[in-house]
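Thanks for asking me to look this over with you.

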Amino acid sequence: MSCEILEMLAEGLKIHPTNVFSKLLKDEKSDSVFRLNHYPPCPDIQELNAKNLIGFGEHTDPQIISVLRSNNTSGLQILLKNGHWISVPSDQDSFFINVGDSLQVMTNGRFKSVKHRVLTNSVKSRLSMIYFGGPPLSEKIAPLPSLIEGDSLYKEFTWFEYKKSAYKTRLADNRLVRFEKSL
């Protein structure tokens, strides 16, 4: 599914061949990960005098694409440009797709990775499954030439360099800032 979505995105951007992103996930050395998260209920939220107890702090996903599915328990929120957090309606029959930082770079900012977080629920457990589609560690990440109108917004780097850099930052930090070109 993630490869099909990436190919549709490439087609929408008029990129040929359309497998320019998906081939990175299909590579036998792809650094993709599948993760299962469990957020137990926190009935003491009222006692803690906290309306929004964080289950997983604000961040963007560093990979190319993330595909998430969860049970019917709310908690996922995304940050809007105006600085307000909004809840994503829970739907156990749907998938939530996140553009990763790497795809933001490869599209020269046409697609943006979105900052998101998870809040705990006072009554119900939240369970989520996420596929993080990442390129091979040695893959060079840079804006595609066909998507550069004027200047490239980012310097070229390898996926390994980005991961190494990301591990040195806090979760909420803008991890792409080190790779942005000053224009």
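1. Is Ser128 buried or exposed? Ser128 counts as buried, because its relative accessibility is 2%; buried means under 20% relative accessible area, exposed over 50%, and partly exposed in between, using a 1.4 Å probe and protein chains only. Ser128 belongs to strand S8, residues 126-133. Helices (H or I, at least four residues) and strands (E, at least two) are DSSP runs, numbered from the N terminus. Leaving aside residues up to four places away in sequence, Ser128 touches Arg35, Leu36, Asn37, Tyr39, Leu68, Arg69 and Ser70, where contact means heavy atoms within 4.5 Å.

2. A word on where these values come from. This is a predicted model, in which local features need pLDDT of at least 70 and side-chain atom pairs count only at pLDDT 80 or more, while totals for chains, interfaces and linings use all residues. Residues are numbered from 1 along each chain as its sequence is written, and side-chain values use heavy atoms, with hydrogens and water left out.

3. Most residues other than glycine have a negative phi, and most peptide bonds are trans. Lys14 is not a glycine, yet has a positive phi of about 60°; Lys14 sits in the loop between H1 and H2 and is exposed at 66% relative accessibility. In the loop between helix H1 (2-12) and helix H2 (22-26) you will also find Pro17, which is joined to His16 by a cis peptide bond with omega about 0°. Asn108 has a positive phi of about 50°, again without being a glycine. Asn108 lies in the loop between helix H3 (101-106) and strand S7 (116-119), and is buried at 9% relative accessible area.

4. Have a look down helix H4, residues 159-166, whose buried residues are Trp159, Tyr162, Lys163, Ser165 and Ala166. Seen along the axis of H4, the buried residues fall within an arc of 165°, so they line one face of the helix; the arc is that of the directions from the helix axis to the C-beta atoms. These buried residues of H4 pack against H3, strand S9 (140-141) and strand S10 (157-158).

5. On to the aromatic rings: the structure holds four aromatic pairs. Rings of Phe, Tyr and Trp (its six-membered ring) pair if their centres lie within 6.5 Å, and planes under 30 degrees apart count as stacked, over 60 as edge-to-face and the rest as tilted. Phe157 and Phe179 have ring centres 4.3 Å apart and planes at 40°, so this pair is tilted. Phe157 is in strand S10 and Phe179 in the segment after H4, 22 residues apart. Phe157 is buried at 2% relative accessibility, and Phe179 is buried at 5% relative accessible area. Together, Phe157, Trp159, Tyr162 and Phe179 form one aromatic cluster.

6. Which charged residues meet? A search of the whole structure finds four salt bridges, each a side-chain nitrogen of Lys or Arg within 4 Å of a carboxyl oxygen of Asp or Glu. One of them joins Asp31 and Lys163 (2.7 Å, N to O). Asp31 lies in the loop between H2 and strand S1 (33-39) and Lys163 in helix H4, so this pair ties together parts 132 residues apart in sequence. Asp31 counts as buried at 17% relative accessibility.
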